[in-house]
Every structure is written in C-alpha cells, then in structure tokens.
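Trainee: I have a model open and would like to go through it with you. Can we start with the charged pairs?

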Amino acid sequence: MTRRHGYALLAAIIAVIVAMSTAIYVGVAADTGTSDHTSLSGSRPARPSAAPASAGVWVGTWSASPVGAEPGTQAEGMTGRSVRNVVHAAVGGTSARVTLSNLYGRTALTITHSSIALAAGTETAAARAGTMRPLTFAGNTTVVVAAGGQVLSDAVALAVPAGSDVLVTTYSPSLSGPVTYHPTARQTSYAGEGDLTEDATGTAYTEKVDHWRYLTALDVLSGEADGTVVAFGDSLTDGKNSTVNANARWPDHLNRRLRTALAAGRDLPRYSVVNAGIGGNRVLSDARGRPLENQAGIRRFRRDVLDRPNVKIVVIDLGINDLLRTPGTADPQKILTGLRDLVRQAHARGIKVVGATLMPVGRRTTWTEARESVRQTINAEIRSGRVYDAVVDFDKALRDPYNPRGLRAMYDSGDRLHPNDKGYERMADSFDLDYLKGSAAARL
C-alpha cells in the first residue's frame, strides 16, 4: 500500500469514527431530554416519555412548625373525627403535596383517607366546586405515620392560586394520641365527627379551632416561584396578636410586598415566603416534655428550614425569649454562638442568611437593666455584620424614638412585646428586598 493510499484509509477511518460519535452524542441527548443541543436535522430532540408534564419547581407555599402535643388528646387523639386544616397559599402552582407529622404522637397514626381542596371562601370549611382531590401516599389512600415521624404525600394535580385558602383534611379511625399541633395559628380550622374528607359542603364541621393539627407543610409545583424563603423565629414571626384570618404576620406582608414588586417589573428573585415561627421559641433551650416540645432553634433548624424544598434564603428573628425566659441574666456570647451555628448550618447548604435585631421589650414588668444590656450587646454584634450575611433592623423600625427601650405605641398590640397588624407590616416594609438577591457568603 502506498503512503497516499494509507493516508486515504486513515482519513476514512477517522471519518467513520466521527460519524459514529456524532450519532451516539445526538442519541444520548435525545434520551436524556437535553434541550441545549439540536439533532442533525436542526430539530429539538424529543423529551423522554417519563418527563413531567408540568413545568416549574417545587417550593413551599405554606408551612407551620410542629410545636408539641395538643392538650386533651393524649388518650384518643382525633379518633373517628375528621380534621380540616385551612392554610393560605403564598404562591400558586399546578400540583400540590402535603407533609403530615406525628412528631409528638406516642403511637402510630393511621390515616385512612385524606383530601385537598380550595376553600370556597374565607372563614369556611366548604370547598370550591370541582376542586376536591383525594390524597395518596406511595399510591395508597391509607398511610401509617410512625410515632415521632412524618410523611410526604404524593403530588396531586390541583391548580392552587396565589393568595387562596386551601383545605387539607385527614381522617383517622383508630386511637392515635396525642395530636401533633401548632397552636396560635391565627387561622380558623375545623373538625367534625366521622369521615368527612370528601364533604365539600363543610356543614358537618361543627368544631372551630385556632390551631393546625398534623399538617406542617404545603408545597406546590410552581411556575411563579423559583425558590423558598423561610422566616425562622418565635412568636414575633408566628404572628401572635395579629388579626385572625387576615394573614397579617410579617412573613405574609413580606410575601405580598415581593409579589407586588415582581408584578411591577422589579428585578428580584421569584421566591415564596413561608413561616417557621414558634411562640416562645429560643435559640438554645427546649421546652419540657418527651419528646421535648418547642424544640430549640439550633435543633429544629434542619427540619424546619434546611429540609424544605428549594430554600434560597432564611430570615432569622430569634433570641428575645433566651433573654426573657432565662432566670437571671443570659450570656450574650452563648446566644450569639447559637445564632452563628444556625448561619453555619445554612451556609453548608448554600443558603443565604438575613438576620434581624432583637426588638424592644423594655416596658414589660419582667424586664431588667441587665437584660436590656444583653439585648444591646447582641444587637450591636448583629449590626456589625459579624453574624449574618445581611441585617434587617426590626429594633430600629419599631422602637419608640422617645423611649428606644419600648415599642412605639402605634405598633404595639397592647402587651408591650408583640406588634399589632400595623407593626407586623412595618417589619416587612423595613426589609430591603435586594437582600433576596445573591447567595450565601463563603465564610466556611
């Protein structure tokens, strides 16, 4: 064979290899549903048959942290009764799923039927016509939630509009006490005798309650939001003393501010805002009980923040109860160490942390000069930028300019600690929406 013929043969072999590689590459792109490459004909490769029909990402649209065991439910729980929780959607989506918790149950919780629907209006147990959907868990209508455990439902196709009230109903026929609940919901929910999970009229729900049972999260497959913001705190975040059924907690106001700004064309991330506040919560200490109720912030942070879907930002407003509920004087450095531990946990997941200063409580009878000194020490360190990635100064926003140790009267709900609706709105208004941009600072 001549050198010329050898070169020609080599060129032919290379051409064959390139052609085969191109065919393989295009085939792989088509099999994986890749949309960044085109086939040889110039058309997009077909998506695989298993690709989801709905676009969007899973985000939290509502949440409530489990707090403890509901008093009076230790023996029977909600045996033979239906629980209809009413929750408010921060953002909309095309599908929904729920998380049910039996964290404080002492026996397994058996739920034989459950459902989700849009509420027919405000302050009602009635469902909007045509929206009732059964919930399943791994394809089954019955689910057993182990004591101390939780379950995530299957996704169900349901168009959930932003700002709508959603009904999530469960029925348990067997003994399953005590009930894991979130008190002080500032939202009316319902219960009734028998299996009423598919009852759309709401007339059989004769019991009204101001707390949520079992339900701890509602997620949606959303095209409106790309991530979740979690507000993590105590009763100031939980919205104590805000108007019932008005969704007037500061995270509610913040969510509405963000949606309004986005609608006006402002360049901001498309996030939902959910609430992980617990009344009386502390950074370092749990409450009593077995398992411990009102778990400390540093121990519940993973469950209530890190394990939520697509969390991009956490806003921490925690620490005032460490001062109020500690006999004598709390150690500010221990509290700051706890707050920095929360930041460390968030940064390890790539989550940005916005932190709040501790608001004034100086007009309460239990307040002391020593406690005020601790509060000022903590706030000074927070404002210095050595704790969080960004700081929202709730203290400055709500304090009385003539008596900075107390809340301004126009923002005080009357107990000298918790804001009224106007005060919660002021908290949200003091939040710089540009803080939602960017990712966690690389401190680790």
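Mentor: Begin with R340 and E381, whose side chains meet in a salt bridge at 2.7 Å, N to O. A salt bridge here is a side-chain nitrogen of Lys or Arg within 4 Å of a carboxyl oxygen of Asp or Glu.

Trainee: Where in the chain are R340 and E381?

Mentor: R340 is in helix 6 and E381 in helix 7 (residues 369-383), so distant parts of the chain are linked, 41 residues apart. Helices (H or I, at least four residues) and strands (E, at least two) are DSSP runs, numbered from the N terminus.

Trainee: Is E381 buried or exposed?

Mentor: E381 is buried, with a relative accessible area of 17%, while R340 counts as partly exposed at 29%. Buried means under 20% relative accessible area, exposed means over 50%, and partly exposed is in between (1.4 Å probe, protein chains only).

Trainee: Before I get carried away, what kind of model is this?

Mentor: It is a predicted model: local features need pLDDT of at least 70, side-chain atom pairs count only at pLDDT 80 or more, and totals for chains, interfaces and linings use all residues. Residues are numbered from 1 along each chain as its sequence is written, and side-chain values use heavy atoms, with hydrogens and water left out.

Trainee: Fine. How many salt bridges are there by that rule?

Mentor: The count comes to 27. One of them joins D219 and R97, with the closest N and O atoms 3.0 Å apart. D219 is in strand 16 (residues 215-222) and R97 in strand 4 (residues 93-101), 122 residues apart.

Trainee: Are D219 and R97 buried or exposed?

Mentor: D219 is buried at 2% relative accessible area, and R97 counts as buried too, at 16%.

Trainee: What about D304 and R303?

Mentor: Their side chains meet in a salt bridge of 2.7 Å, N to O. D304 counts as buried at 6% relative accessibility, whereas R303 counts as partly exposed at 22%.

Trainee: Change of topic. How many helices and strands does the protein chain have?

Mentor: Nine helices and 23 strands. The chain has 444 residues, of which 52% count as buried.

Trainee: Which strand is worth a look for burial?

Mentor: Take strand 17: seven of its seven residues are buried, so strand 17 is largely enclosed by the rest of the structure.

Trainee: Which residues sit on each side of strand 17?

Mentor: G227, V229, A231 and G233 are on one side, and T228, V230 and F232 are on the other; all are buried. In a regular strand the side chains alternate between the two faces of the sheet.

Trainee: Last topic, the nonpolar core. Which residues have the most contacts inside the largest one?

Mentor: F232, F301, V314, I316 and L339, in a core of 61 residues. Helix 6 (residues 332-348) gives the most to this core, with six residues. A nonpolar core is a set of buried Ala, Val, Leu, Ile, Met, Phe, Trp, Tyr and Cys residues joined through side-chain atoms within 4.5 Å.

Trainee: What does F301 touch?

Mentor: Beyond neighbours within four places in sequence, F301 is in contact with F232, L306, V314, I316, L342, Q345 and A346. Apart from this core lies another, of 34 residues, among them L109, L118, V156 and Y214.

Terms used
Contact means heavy atoms within 4.5 Å.
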